[in-house]
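Got the sequence and the 3D view open? Here is a quick tour to read alongside them.

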Number of protein chains: 2
Amino acid sequence: MQAIGVVESCFKEKFAIPRQPGLTPSAEAIVRLLPPYDKPDMVRGLEQFSHVWVVFAFHGTADQGWNPTVRPPKLGGNKRVGVLATRSTFRPNPIGLSVARIAGIETDDGVRIALTGADLLDGTPVLDIKPYLPYADAIDDAWNGYADDGSLPLLVNFSPEAEVTLAALADQYPKLRDLICEVLAQDPRPGYADDPVREYGMHLYDFNVRWRSTGHEAIVTRVEAR
Amino acid sequence: MQAIGVVESCFKEKFAIPRQPGLTPSAEAIVRLLPPYDKPDMVRGLEQFSHVWVVFAFHGTADQGWNPTVRPPKLGGNKRVGVLATRSTFRPNPIGLSVARIAGIETDDGVRIALTGADLLDGTPVLDIKPYLPYADAIDDAWNGYADDGSLPLLVNFSPEAEVTLAALADQYPKLRDLICEVLAQDPRPGYADDPVREYGMHLYDFNVRWRSTGHEAIVTRVEAR
């Protein structure tokens, strides 16, 4: 197995990555093919598809090993289920699978596939790209019996200071504000953490985004350049 | 990367495997987890899902290498597209991806996950099992711009001899007749082959299935034990 490409993503750390892909349509990523795979021929016809599967290696956590059972944050973090019954990053073979929308394909200088809605960490090694085949991959009658935890998306508000910063950044990072809203609405804090005073931070693009959170609302306090 | 399991499938050779997964619901496969992964804990909770992704190695063709472009049978076998724009088995990293319905999970003696509708070759090494997450994986508005080749499913008929054999096998292989119909309806012959006199053969379960085919009809001539 060799990396055929590498991800350039707005998500600079695992913590910020939504546990529910597809709910952050403003998330941007690029898969840049690496030599010798960076030939336009490799992706000829890929523009005929709306979405792709990205098969990748969990490089950030692969050296932490795995356990037969894990505690999914979605189940509150205190119930153990089998690792093969989850999409946990800590797996026997650290292979990840994400579907994303194709935003564009550039082949003028190497090959770059622009994606939106991908839950991919910056620097992720890509093992394969496969077209999403609606007739095979979109299963209308599939179900998931895990009870949803019933939590609603958080309301996301911004401090005046954060609004000023984001307004100044709007030209260069037009999707940053929406992305922050989408990520925080899903409450990336661990399931067992609910401390309204504690300030959390996450690394999106080149910024530290700081926020506090109650059970119902997230307040972005600051957006700082790193 | 290590195999965590191995596939036991009705499909004993690549030729018989449908190019359109999901159209052969009678296809049966079992993923048997291998030591040290064959612990019931590994799949605890998996019964909460209707479908799984099987991430596997294309073991039958991995040693044949790959090319930047391939000629998909679906496009008639004469148009080249990039390998990353197809689900071809000949890929830079020979990783396959199939979704299948969970028919049952046995954990009394090792771990066996029974699947239906899987397009998996017997003996396939399994790298990972992941639950199918409808909210993330079933994309309603995904599209595939490749023109369908417009071909209708073939009518499938059986010779009297084949009918007698199948009737005698019905108790032990209750899905065999349906499976043959589903596989041949998709016309597994190469896109460029259309010789009504030639007899083809495929290996399903422990049988050689022989048939002839016109453009509209497949006639099963014989079903023989191997």
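What follows goes from the whole chain to the pairing of chains, then to a few local spots.

Keep in mind that this is a predicted model.

**Overall build of chain A**

- Chain A has 226 residues, and a compact globule of that length would have a radius of gyration near 17 Å; chain A comes out at 18 Å, so the two agree.
- If you box in the C-alpha atoms along the principal axes, you need roughly 55 × 45 × 35 Å.
- Of the 226 residues of chain A, 40% count as buried.
- Take the contacts in chain A between residues at least 6 apart in sequence: 71% of them join residues at least 24 apart.

**How chain A and chain B pair up**

- Turn chain A by 180°, with a shift of 0.0 Å along the axis, and it lies on chain B with an RMSD of 0.0 Å.
- Within chain A, the C-alpha nearest the axis belongs to A:Ala138, at 2.0 Å from it.
- Both copies use the same surface, as 100% of the contact residues of chain A recur in chain B.
- In this pairing, 54 residues of chain A are in contact with 54 residues of chain B.
- Strands S3 (51-57), S5 (81-82), S6 (95-106) and S8 (125-131) and helix H1 (134-137) of chain A each supply at least two residues to the side that touches chain B.
- S8(A) gives the most to that side of chain A, with five residues.
- The chain A side that touches chain B divides into 32 nonpolar, 13 polar and nine charged residues.

**The nonpolar core**

- The largest nonpolar core has 114 residues, and those with the most contacts inside it are A:Val54, A:Val55, A:Leu204, B:Val54, B:Val55 and B:Leu204.
- Leaving out residues up to four places away in sequence, B:Val55 touches residues of both chains, including A:Ile95, A:Leu97, B:Ile95 and B:Leu97.

**A closer look at A:Ile17**

- You'll find A:Ile17 in the loop between strand S1 (5-9) and strand S2 (28-33) of chain A.
- Is A:Ile17 buried or exposed? A:Ile17 is buried, because 24 other C-beta atoms lie within 10 Å.
- Not counting residues up to four places away in sequence, A:Ile17 touches A:Phe11, A:Asp119 and A:Leu121.

**Helix H3 of chain B**

- Seven of the ten residues of helix H3 (residues 176-185) of chain B are buried, so the helix is largely enclosed by the rest of the structure.
- Among the buried residues of H3(B) are B:Leu176, B:Leu179, B:Ile180 and B:Val183, and also B:Arg177 and B:Glu182.
- What covers the buried residues of H3(B) includes helix H2 (160-169) and strands S9 (155-158), S10 (200-204), S11 (207-213) and S12 (217-225) of chain B.
- After H3(B) comes B:Asp187, whose phi is positive, near 55°.

Terms used
Residues are numbered from 1 along each chain as its sequence is written. Chains are lettered from A and ligands numbered from 1 in the order in which they are written. This is a predicted model: local features need pLDDT of at least 70, side-chain atom pairs count only at pLDDT 80 or more; totals for chains, interfaces and linings use all residues. Copies are superposed by least squares on the C-alpha atoms of residues with pLDDT of at least 70 in both. Two residues are in contact if their C-beta atoms, placed from the backbone, lie within 7 Å. Helices (H or I, at least four residues) and strands (E, at least two) are DSSP runs, numbered from the N terminus. Ala, Val, Leu, Ile, Met, Phe, Trp, Tyr, Cys and Pro count as nonpolar, Asp, Glu, Lys and Arg as charged, and the others, Gly among them, as polar. A nonpolar core is a set of buried Ala, Val, Leu, Ile, Met, Phe, Trp, Tyr and Cys residues joined through C-beta atoms within 7 Å. A residue is buried if 20 or more other C-beta atoms lie within 10 Å of its own, exposed if 12 or fewer, and partly exposed in between; C-beta atoms are placed from the backbone. The radius of gyration is taken over C-alpha atoms; the globule rule is 2.2 Å times the number of residues to the power 0.38.
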